[in-house]
Amino acid sequence: NITFINKGKFLSFFQAVEPGARVVIDGGRCAFIDRDVLEAITEFKQSSQLKNIEVVLEGIEEVEILSQH
């Protein structure tokens with residue numbers, strides 16, 4: 001399970017990704033991912049194009065971003 005408690009770790013990781021990198025986020029073994037975390041992942045994927053970062057989501061659906069992070 002990935003809850004909002006884990007969100008900070010994701011945000012720190014996302015900020016550290018170097019331009020031109022390829023990131024694979026595999027949620028296939030997760031029974032639950034908190035909506036806040038899904039929004040952060042979606043926001044990272046959308047903004048990654050500006051840094052030429054390829055983001056591949058496996059077992060994770062992109063969601064509509066309802067709040068600003």
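I started with polar contacts, which I take as pairs of N or O atoms within 3.5 Å; within protein, one atom must be able to donate a hydrogen and the other to accept it, and residues adjacent in sequence count only if both atoms are side-chain atoms. I am working on a predicted model, where local features need pLDDT of at least 70 and side-chain atom pairs count only at pLDDT 80 or more, while totals for chains, interfaces and linings use all residues. Residues are numbered from 1 along each chain as its sequence is written, and side-chain values use heavy atoms, with hydrogens and water left out.

**Entry 1: helix 2**

I took helices (H or I, at least four residues) and strands (E, at least two) as DSSP runs, numbered from the N terminus. I looked at the N-terminal end of helix 2 and found Asp34 capping it, with a side-chain oxygen 3.0 Å from the backbone nitrogen of Asp36. Then I checked the length: the expected span is 1.5 Å times one less than the number of residues. For the 14 residues of helix 2 that gives 20 Å, and the end C-alpha atoms are 20 Å apart, which agrees.

**Entry 2: Thr42**

I call a residue buried under 20% relative accessible area, exposed over 50%, and partly exposed in between (1.4 Å probe, protein chains only). Thr42 sits in helix 2 and counts as buried at 1% relative accessibility. Its side chain reaches the backbone nitrogen of Val63 at 3.1 Å. Counting contacts as heavy atoms within 4.5 Å, I found Thr42 touching Glu62, Val63 and Ile65, leaving aside residues up to four places away in sequence.

**Entry 3: helix 1**

Which residues of helix 1 are buried? I listed Lys7, Phe10 and Phe14. The face turned away carries the exposed Lys9, Gln15 and Ala16. The buried residues of helix 1 pack against strand 1 (22-26) and helix 2.

**Entry 4: aromatic rings**

I paired rings of Phe, Tyr and Trp (its six-membered ring) if their centres lie within 6.5 Å; planes under 30 degrees apart are stacked, over 60 edge-to-face, and the rest tilted. I counted three aromatic pairs by this rule. Phe14 and Phe44 are stacked, because their ring centres are 4.1 Å apart and their planes are at 5°. This pair links distant parts of the chain, with Phe14 in helix 1 (residues 7-16) and Phe44 in helix 2 (residues 35-48), 30 residues apart. Phe14 is buried at 7% relative accessibility, and Phe44 is buried at 7%. I also noted one aromatic cluster formed by Phe10, Phe13, Phe14 and Phe44.
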